[in-house]
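Good morning, and thank you for making time for this presentation.

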Amino acid sequence: MASDLVLISIVVPIVMSLITITIGKASARKVFVSATLLIVFLSSLAIFKTANLPAVIGTSYYGIIDKLIKVGDYVLLLYTLYVSFKVKEPKIAIFSILQILPLAYFELFVLKEQEVSAFYIDNLSIIMNLVVSIVGPIIALYAFGYMDHHEKEEKLVKSRQSRFFAVILLFFGAMNGIIFSNNLMWLYFFWEITSLSSFLLISHDKTEVAIKNASRALWINMFGGFSLLVGIIILYKYTGMITLDAVLKSDTSYILLIPVAFMVLGAFTKSAQMPFQSWLLGAMVAPTPVSALLHSSTMVKAAIYLILRLAPTFRGTTLSGFIALYGAFTFIATSILALSQSNGKKILAYSTIANLGLMISSIGINTSSAITAAILLLIFHAVSKALLFLCVGTIEQNIGSRDIEDMKGLITKMPVTTIITFIGILSLMIAPFGMLLSKWMAIEAASRNLLVALLLILGSAITVMYYTRWIGNILSEGHNSKFFVEKQPTTVKFALYSLVTIAIVLSLAVTQLFNAIVKPEINMLKMSISIKAAAGYLESNLGGFSIYPVFFAIGLAVILAFLTIRNSRDIVETKPYEAGLNYDDSNNGYDVKNYYLPGIINEEKMTKYMNYISFILILAVFGGILL
Amino acid sequence: MTWTDYLIFLAAVILTPLIGGLITGLDRKVTALIQGRYGPPVLQPFYDVVKLLSKEKMIVNDFQIFAAYIYLLSAILSVGFFAIKADLLMIIFIMSIGLVFYVIGALATRSPYSQVGAQRELMQMLAYEPLLIFVLIGMYYVAGSFNLHDIMSHGRLLLDLPLIFVVLSLVLDIKIKKSPFDFSTSEHAHQELVRGILTDYAGPYLALIEIADWYELVLLLAMLAIFWSQNLVIGALISLFVFFLDIIVDNISARMTLKWMLSFSWIVGISFTVLNIAYLYFSNVSR
């Protein structure tokens with residue numbers, strides 16, 4: 001039963017993707033894609049409800065899938081080789097060949113064929129699967145409205161949406177493949193599919209800059225795939241293990257750390273950690289739903305998933321300590337870079353990399369509260385970041401800019417979207433929303449490791465600054481401004497409303513969320529649970545956090561403000577103070593720009609030095625094996 | 001929470017603004033004496049707030065009302081949680097909710113004075129927020145917990161965390177916007193008519209912010225006081241002494257630049273934290 005459901009969640013989107021590419025008619029395609037999304041969503045719920053965890057399950061189709069994947073590997077790599085010539089990027093070819101040769105050698109001469117259990121399911125897989133299958137489809141639905149508008153803007157004669165949605169479905173299938181595969185060679189195959197899919201999605205607009213950025217994304221991720229493959233080969237060669245459950249069952253040993261370090265390096269590239277961040281920043285040229293997907297529920301989260309998966313193998317080692325430090329460094333470095341940006345999408349991109357760094361750092365700290373923090377961060381970040389990207393996309397299609405300076409007075413032009421964006425940003429930065437709660441947990445967990453703790457603290461203070469001024473910009477309104485009523489496509493509205501609801505509900509129900517799916521995972525990892533959660537109160541052995549009083553205070557403030565505005569007749573609307581000068585209500589009157597600190601932060605120069613430091617830290621991560 | 005907890009919570013919420021207002025009144029008196037003036041009566045801050053509360057409700061936009069309420073409520077909540085000895089890190093995070101809204105409230109009006117003030121307040125937050133958490137990290141190294149209850153049971157933190165105490169004093173100075181750190185708005189003593197971030201807050205909503213400021217002042221002084229939690233009277237005297245020093249520094253120094261503030265506070269904050277924790281290891285206090 002469970003194996004069939006898992007198979008459905010992987011195979012159905014992939015098969016449907018191949019069909020979608022042939023459907024030219026818009027309405028038929030929409031119905032077809034929606035049906036697939038529904039299947040993906042329902043299968044994830046079914047797996048969540050029915051699976052007995054943790055489970056290692058086989059399938060009767062093992063042989064045929066394994067053959068398909070073996071062939072698929074070569075097809076995929078040869079295709080990237082072809083892409084390399086098409087886009088004239090030799091680095092893609094180099095990393096394709098670097099994968100084909102060892103892969104062929106490994107499969108022909110080293111690997112001894114044996115049937116293993118196909119799937120590995122535990123709470124972590126379930127969590128990831130739910131994130132992919134709930135946030136992902138919402139973004140895909142949003143893309144219906146967005147892409148129509150986008151193609152109108154681009155003045156396309158022939159729609160390219162068939163290909164677009166086909167790749168998105170393929171992406172979901174591949175993500176589920178990564179999540180459930182027990183055989184590491186399968187995981188590697190699906191991992192590579194996501195790299196290729198993200199190339200296809202980023203290059204969607206076929207402009208010169210899109211193709212350039214897409215090919216950079218591809219070669220960086222191909223490097224990551226290479227590192228993953230090397231990890232798997234070394235693992236098999238020295239320990240004879242090729243499955244996830246075997247790795248997780250084996251005792252932590254020195255020899256295990258070497259392949260694990262290579263696999264983690266592969267994950268660093270996929271999660272765009274420094275110095276590999278450029279691909280994710282470049283991915284901003286893609287249509288917004290693509291950015292939202294890459295940043296929230298797919299791609300980068302696959303990397304976090306893999307590191308979380310491997311966490312038990314390096315618990316308590318020096319390697320783990322260096323991973324914590326490396327993540328913390330990326331967190332603060334990209335937070336500083338985000339501070340210097342006024343491009344909304346770029347701020348979001350840097351903050352994604354920063355938050356992934358925070359997750360990696362937490363995984364590196366590797367105590368039960370740190371792992372809890374990492375898992376919660378993964379969930380809350382997926383929802384809030386998807387929401388914010390979709391908000392920026394919607395704003396951009398309406399005002400024609402993604403610069404936060406141009407978003408001044410947005411509340412009068414797009415009141416509903418502004419309020420949703422406002423809540424979305426709050427959900428990323430202040431208590432009692434889940435992200436901050438997880439950050440609280442991460443800082444408490446990190447406090448033993450002074451250097452990591454300092455980096456995390458400074459980084460989160462910077463986060464507050466760049467998000468606060470953004471909110472200030474969108475909420476600022478002139479005198480007696482007229483509020484407009486927004487018109488949005490239904491799918492866009494649906495996506496925004498549902499994501500903002502999920503963000504609020506998950507934050508309110510964080511204790512239930514913890515007890516239902518995070519706690520069993522920690523239990524399964526056989527770590528002592530240091531966190532208790534009940535009735536809106538999360539307690540660790542270092543302290544505790546009550547959520548309800550804070551929600552109550554915010555609710556009370558809303559009610560009080562509302563009552564004041566409604567009941568008092570003596571409120572006087574006045575003009576902003578301008579020291580006696582005539583008030584200018586236009587956008588470019590006496591406008592004050594945000595502080596971007598150009599005197600302190602120079603993006604280009606700083607990136608260079610930060611890349612050097614992160615490179616050294618990666619060397620340290622590998623050095624951590626020896627210590 | 002037990003019933004006594006609720007009572008303590010309530011008592012703290014009621015008493016704190018009274019104490020805060022009095023301390024602010026004393027501040028104005030002492031400042032006046034230093035400057036050779038007679039100064040207003042000690043109860044002047046209360047008169048001011050009562051007057052503001054009864055003034056016309058003048059706003060630039062509706063969001064300001066919400067911002068003022070939430071700033072006050074988060075300050076009240078953090079003081080209440082402090083009184084029942086909850087997790088200090090949580091208290092700081094709750095306090096910062098209000099501050100974020102305080103800044104957004106100013107940014108939401110289009111006055112260039114509010115805008116500049118708000119940007120500067122953000123820089124001030126960037127300077128002191130991490131320091132505040134460094135202080136907690138220091139306490140954690142001594143007490144093994146972030147819970148105020150456990151931290152207070154340690155007794156004389158000051159002897160183990162002298163440098164961290166200095167960091168907290170610095171935070172107090174930046175937080176209550178005294179020279180050389182009075183960027184976002186200047187304190188009473190400097191009598192500037194246009195008050196940066198506060199420019200567009202007026203009438204009752206300005207009063208709410210004043211009251212919230214009192215809560216936050218008392219909260220910080222209380223955090224200084226728990227460095228001598230063995231005898232809280234001594235603790236209170238120590239914190240009042242630090243406050244007195246701040247008043248003197250305020251009167252003998254001029255405003256510096258934002259860049260200076262940021263580098264000064266981070267350098268002092270980071271190096272003092274690290275040195276103090278290194279000292280703990282050498283003296284085997286660290287748990």
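I shall speak about confidence, then helix packing, and then several individual residues.

This is a predicted model, in which local features need pLDDT of at least 70, side-chain atom pairs count only at pLDDT 80 or more, and totals for chains, interfaces and linings use all residues. Residues are numbered from 1 along each chain as its sequence is written, chains are lettered from A and ligands numbered from 1 in the order in which they are written, and side-chain values use heavy atoms, with hydrogens and water left out.

Let me begin with confidence. The predictor's confidence in each residue is called pLDDT and runs from 0 to 100. For chain A the mean pLDDT is 88, and 97% of the residues reach 70 or more. The highest confidence in chain A is in helix 15 (residues 344-365), with a mean of 94, and the lowest is in strand 6 (residues 571-573), with a mean of 80. Helices here are DSSP runs of H or I with at least four residues, strands are runs of E with at least two, and both are numbered from the N terminus.

I turn to helix packing. Two packed helices are described by the angle between their axes and the distance between the axes. The axes are lines fitted to C-alpha atoms, for helices over the stretch in contact, and the angles run from 0 to 180 degrees between N-to-C directions. Angles under 35 degrees count as roughly parallel, over 145 as roughly antiparallel, 65 to 115 as roughly perpendicular, and the rest as oblique.

How do helix 15 and helix 16 of chain A cross? The axes of helix 15 and helix 16 (residues 368-399) of chain A cross at roughly 170° and come within 9 Å. Helix 15 of chain A is therefore roughly antiparallel to helix 16 of chain A. Contact means heavy atoms within 4.5 Å. On the side of helix 15 of chain A, the residues that meet helix 16 of chain A include K345(A), L348(A), N355(A) and I365(A); among their partners in helix 16 of chain A are A370(A), H381(A), K385(A) and V392(A). By class, this contact has 15 nonpolar, five polar and two charged residues. Ala, Val, Leu, Ile, Met, Phe, Trp, Tyr, Cys and Pro count as nonpolar, Asp, Glu, Lys and Arg as charged, and the others, Gly among them, as polar.

Helix 15 of chain A also packs with helix 19 (residues 434-446) of chain A, at an angle of about 40° and with the axes 10 Å apart. These two helices of chain A, helix 15 and helix 19, are therefore oblique to each other. From helix 15 of chain A, N355(A), L358(A), S362(A) and I365(A) meet M435(A), K439(A), A442(A), A445(A) and A446(A) of helix 19 of chain A. Six nonpolar, two polar and one charged residues make up this contact between helix 15 and helix 19 of chain A.

Next comes helix 20 of chain A. S460(A) has its place in this helix, and it counts as buried because its relative accessibility is 10%. Buried means under 20% relative accessible area, exposed over 50%, and partly exposed in between, with a 1.4 Å probe and protein chains only. Leaving aside neighbours within four places in sequence, S460(A) is in contact with F331(A), K439(A) and I443(A).

Which residues does T468(A) contact, leaving aside its neighbours within four places in sequence? They are M429(A), V100(B), V103(B), I104(B), L107(B) and L122(B). T468(A) lies in helix 20 (residues 450-475) of chain A, and at 0% relative accessibility it counts as buried.

Helix 12 (residues 288-295) of chain A is largely enclosed by the rest of the structure, because eight of its eight residues are buried.

I close with the backbone. A cis peptide bond, with omega about 0°, joins M274(A) and P275(A), and P275(A) is in the loop between helix 10 and helix 11 (278-282) of chain A. The bond from A431(A) to P432(A) is cis, with omega near 0°, and P432(A) sits in the loop between helix 18 (415-429) and helix 19 of chain A.

K88(A), a residue other than glycine, has a positive phi near 55°. K88(A) counts as exposed, at 70% relative accessibility. K206(A) is not a glycine, yet its phi is positive, at about 60°. K206(A) is partly exposed, with a relative accessible area of 43%.
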